[in-house]
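User: I have a structure open and would like to talk it through. Can you put it up on the screen for both of us?

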Amino acid sequence: MSADLSKYRNIGIFAHVDAGKTTTTERILKLTGKIHKLGEVHDGAATTDFMEQEQERGITIQSAATTCFWDGHRFNIIDTPGHVDFTIEVYRSLKVLDGGIGVFCGSGGVEPQSETNWRYANDSKVARIIFVNKLDRLGADFYRVVKQIKEILAAKPLVMTLPIGIEDDFKGVVDLLTMKAWVWDDSGQPENYEITDIPADMVEKAEEYRNELVETAVEQDDDVMEAYLEGQEPDIDTLKRCIRKGTINLDFFPTFCGSAFKNKGVQNVLNAVVDYLPSPTEVPAQPITDLEGNKSGEVATVTPDAPFRALAFKIMDDQYGSLTFTRVYSGVLNKGDTLLNTFTGKTERIGRLVEMHANSREDRDSAQAGDIVALVGLKNVQTGHTLCDPKNPGTLEPMVFPDPVISMAVEPIDKANAEKLAIAIGKMVKEDPSFHVETDQDSGETILKGMGELHLDIKVDILKRTHKVEVKVGAPQVAYRESITRRVEDSYTHKKQTGGSGQYAKLDYIIEPITDEEVEDNFIFESAVVGGNVPREYWPAVEKGFKAQMDDGVLAGYPLMKVKVTLTDGGHHAVDSSAVAFEIASKAAFRQSMPKAGAQILEPIMKVDVFTPEDNVGDVIGDLNRRRGMITSQESNPTGIRVKAQCPLSEMFGYIGDLRTMTSGRGQFSMEFSHYTPCPKNIADDIIAKREAERLAKQK
């Protein structure tokens, strides 16, 4: 039996940390009858925040998937984290959603993380509605937030409801489509509202906003527009149809207001999800690539009749085993089916599939196009892998994850913990693709690498609490890089004569920095050899040799960035030349020329966004300057000042403690990686000296 896909809505709720996403999700679950007792985030009892770490810190770390029903429609909702160190969670959730609800804080407005998430959603072309939340808060101002959405996000909000009263007096919303007021009583129960006439002092404002709404909506349909210009007012169904079309085309974003915590205005948002956000069949189909990653021209059409295609977008480990959250794009999946993982080339048998309701689950026998389900007990599947019909393989576009910028060494306290550590880390790497782990060859230490201090902090916490592994933790280390500044033309000859055949390879080459900002590659190899001085079959060996040296810079052994090598000429010997000889020659050539190429150390620069009360802004800016920060802008809003800066990551360790001290606990900040830039000489010298001391210590 195939379900009616037009009644499906796969949506995500995303926002800046503390804008109230999880509370909004809780309210939606309550209204749709999924939970009967409301849990509050600040009491640590929210349904979707069920990790201990989430309850303690009051933030969402993992995106939780849950299913509920409203007005005959099935919602698959993913609550994503707002914290910058977990943007990867937002990014991969957006990949598999058809629509989203962007939540903004009524007093904080458009915060730095909202910008990042909005940019991700634009990249993934996800249709969204906007919910301006927390209008009961001090300093809340709906109209200011709407203005910020226009100015900071360069988006077009289509205002659908206006707030009645503000801060403590906020009691309801004016629905501009029906021109009626929804007013809630003080009981805090979401169902205790009545629909009445618009308060007299708001009629004029409501009419002004309604005209704007109608004028924007009719642009979507020429016939309706023509009738409107001739004085014929479109009816509500026609308006809804036009707004739906514009929302799906990303021409504008229907904007609602309310207070999730006080249960006011949430129903309007649920109705809007049904009315304006797309069903799985209304979004562009995912392109399919063949097994080599080339576009095949096919797409995964959302229908149960097509070959099976699904994307694993998240892996979670809980007490029942490993759960792989999967979005089914096309076809049907039954319990007991065998699927091919196109990334590993191995097949997996599906033993159980379950539908998630926050942290409880219901078994299902099958899933079909448009569903989001969790598969239990898959062995070799990781985030971003495609599962498909083995008889008809095809890969959905894989996800791209950023490189980590910070690392930290951990060491188990004894042998029993060492074994537990290896198992725990295996699970954690599967769950989070932005978290990397490697073993230091010389010291044998385990190095964790991540997106920021908080990211690694939480990982260590999970190790200790969820996996019960006791570890000693080293100080966080910055992921420096090296690069070159000069072009060098050089040549190198590798000759070795022992009994039997010898080794011979001669290379003439140019090494130069890649200065073009557009080029994303870190290493480019080209051969300009004409004639047969270096036979073509040896070119890959030369490239391999040069590339192998990119991981080990000459100054302090950090990986190199942005290097181009051009092979211009060389020489070979009919008997003694081989691929191995050319590879050895290119490795030695690289080491010979690098010191001549003006090597320099690069450090990661972070985009830092600090929120501070007005009284402390001087201290905050002075402190950022001491951390070698460049202030890029500052703007004031009613509750304080936002300072944006670019700071080296190495200077930002422990910043949250210092910021809290300066601002008596009222400051907040977030940061994300921006780019790499050359270190000042005195700092580079310190880094090189420190690396040398570490190397000598290891040799002892």
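**Strands, helices and buried residues**

Analyst: Strand S25 (residues 406–412) pairs with S28 in the antiparallel sense, over six bridges. One thing to keep in mind is that this is a predicted model.

User: Which residue of S28 stands opposite Ile406?

Analyst: Val478 in S28 stands opposite Ile406.

User: What sheet do S25 and S28 belong to, and in what order do its strands come?

Analyst: They belong to an open sheet of four strands with antiparallel pairing, in the order S26-S27-S25-S28. Strand S26 (436–439) and strand S28 (471–478) are at the edges; each has a single partner strand, so one side of each has no neighbour in the sheet. From one strand to the next, the twist averages 25 degrees.

User: What holds strands together in a sheet, in general?

Analyst: Strands of a sheet pair through backbone hydrogen bonds, and the pairing is either parallel or antiparallel.

User: OK, zoom out. How many helices and strands are in the protein chain?

Analyst: The protein chain has 16 helices and 37 strands. Of its 700 residues, 54% are buried. Taking contacts between residues at least 6 apart in sequence, 71% join residues at least 24 apart.

User: Now the start of the chain. How many residues of strand S1 are buried?

Analyst: Eight of the eight residues of S1 (residues 8–15) are buried, so this strand is largely enclosed by the rest of the structure.

User: Which way do the residues of S1 point?

Analyst: Tyr8, Asn10, Gly12 and Phe14 point one way, while Arg9, Ile11, Ile13 and Ala15 point the other way, and all are buried. In a regular strand the side chains alternate between the two faces of the sheet.

User: Which strand is joined to S1 by five bridges?

Analyst: That is strand S4 (residues 99–105), and S1 and S4 run parallel. The bridge partner of Phe14 in S4 is Gly102.

User: Different topic. What is the order of the strands in the mixed sheet?

Analyst: The mixed sheet is open and has four strands, in the order S30-S31-S33-S32. Its edge strands are S30 (488–496) and S32 (523–527), each of which pairs on one side only. Neighbouring strands of this sheet are turned by 25 degrees against each other on average, with direction ignored.

User: In which sense do S30 and S31 pair?

Analyst: S30 pairs with S31 (residues 503–513) in the antiparallel sense, over nine bridges. Val488 has Ile511 in S31 as its bridge partner.

User: Which helix lies across S31, S32 and S33?

Analyst: Helix H12 (residues 539–548) does, running at about 150 degrees to S32; strand S33 covers 563–571. Helix H13 (residues 579–593) also packs on the sheet, where H13 touches S30, S31 and S33. The direction of H13 makes about 40 degrees with that of S31.

User: At what angle do H12 and H13 pack?

Analyst: The angle between H12 and H13 is about 35 degrees, and their axes are 7 Å apart. The crossing of H12 and H13 is right-handed.

User: Which residues make that contact between H12 and H13?

Analyst: From H12 they are Ala541, Val542, Lys544, Gly545, Phe546 and Ala548; from H13 they are Ala579, Phe582, Glu583, Ser586, Lys587, Ala589 and Phe590. The residues of this contact divide into eight nonpolar, two polar and three charged.

User: What about cysteines: how many disulfides are there?

Analyst: The count comes to zero disulfides.

User: Is Cys257 buried or exposed?

Analyst: Cys257 counts as buried, because its relative accessibility is 1% and the limit for buried is under 20%. Cys679 is buried too, with a relative accessible area of 13%.

User: Last topic, backbone angles. What is phi of Lys134?

Analyst: Phi of Lys134 is near 60 degrees, which is a positive value in a residue other than glycine. Lys134 is in the loop between strand S5 (127–133) and helix H5 (142–152). At 19% relative accessibility, Lys134 counts as buried.

User: And where is Leu250?

Analyst: Leu250 is in the loop between helix H8 (236–248) and strand S11 (253–257). Phi of Leu250 is also positive, near 65 degrees. With a relative accessible area of 27%, Leu250 is partly exposed.

Methods: Residues numbered from 1 in each chain as written. Predicted model: local features only at pLDDT ≥ 70, side-chain atom pairs only at ≥ 80, totals over all residues. Heavy atoms only, no water. Pairing = 2+ DSSP bridges. Helix = DSSP H or I, 4+ residues; strand = E, 2+ residues; numbered from the N terminus. Axes fitted to C-alpha atoms, helices over the stretch in contact; angles between N-to-C directions. Contact = heavy atoms within 4.5 Å. Disulfide = S-S within 2.5 Å. Buried < 20%, exposed > 50% of the residue type's maximum accessible area, 1.4 Å probe, protein only. Left-handed = near helix turned anticlockwise from the far one by under 90°. Nonpolar A, V, L, I, M, F, W, Y, C, P; charged D, E, K, R; others polar.
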